[in-house]
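Hi,

Here is the structure I promised to pass on. Have a look at it first, and my notes follow below.

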Amino acid sequence: MNRYCSNCGKTCEHIEIVKQKKSPYGKSRKEQFKAFISGFISGAAVGGALASLELIDRYVQCTQCRHLTLENKGEEFQ
Ligand SMILES: [Zn+2]
């Protein structure tokens, strides 16, 4: 996708990267998966996937300079 890169100072191609936030659940992958699922289910219960979105950070990365920009707007899910 084309996004403005503040590092390049111009619009260039970016890729999307999703990272899981730290959670109160355990550090093992299995525990984190359970945390994600429980977040997803509780999110569905209260209406929508917003609660599960709180478990992840969305970034876009410039393919020119690899500059990361946090983008937690979640517009694709609204
Ligand atoms: Zn850039």
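Where is Arg-66 found? Arg-66 sits in the loop between β3 and β4 (strands are DSSP runs of E, at least two residues, numbered from the N terminus). Its phi is positive, about 65 degrees, although Arg-66 is not a glycine. Most residues other than glycine have a negative phi. Arg-66 counts as exposed, at 63% relative accessibility (buried is under 20% relative accessible area, exposed over 50%, partly exposed in between, with a 1.4 Å probe and protein chains only).

Before you read on: this is a predicted model, where local features need pLDDT of at least 70, side-chain atom pairs count only at pLDDT 80 or more, and totals for chains, interfaces and linings use all residues. Residues are numbered from 1 along each chain as its sequence is written, and side-chain values use heavy atoms, with hydrogens and water left out.

Now the metal. Cys-5, Cys-8, Cys-62 and Cys-65 coordinate the zinc ion through their SG atoms at 2.2 to 2.4 Å (donors are N, O and S atoms within 2.8 Å of the metal, or 3.2 Å for Na, K and Ca; water is not among the atoms, so sites may look incomplete). Cys-8, in the loop between β1 (2-5) and β2 (10-20), and Cys-65, in the loop between β3 (56-62) and β4 (68-70), link distant parts of the chain, 57 residues apart. Cys-8 is partly exposed at 28%, and Cys-65 is partly exposed at 30%.

Finally, β2 and β3 pair in the antiparallel sense over seven bridges (pairing takes at least two DSSP bridges between two strands). Ile-17 has Tyr-59 in β3 as its bridge partner.

Best wishes

Key:
Helix = DSSP H or I, 4+ residues; strand = E, 2+ residues; numbered from the N terminus.
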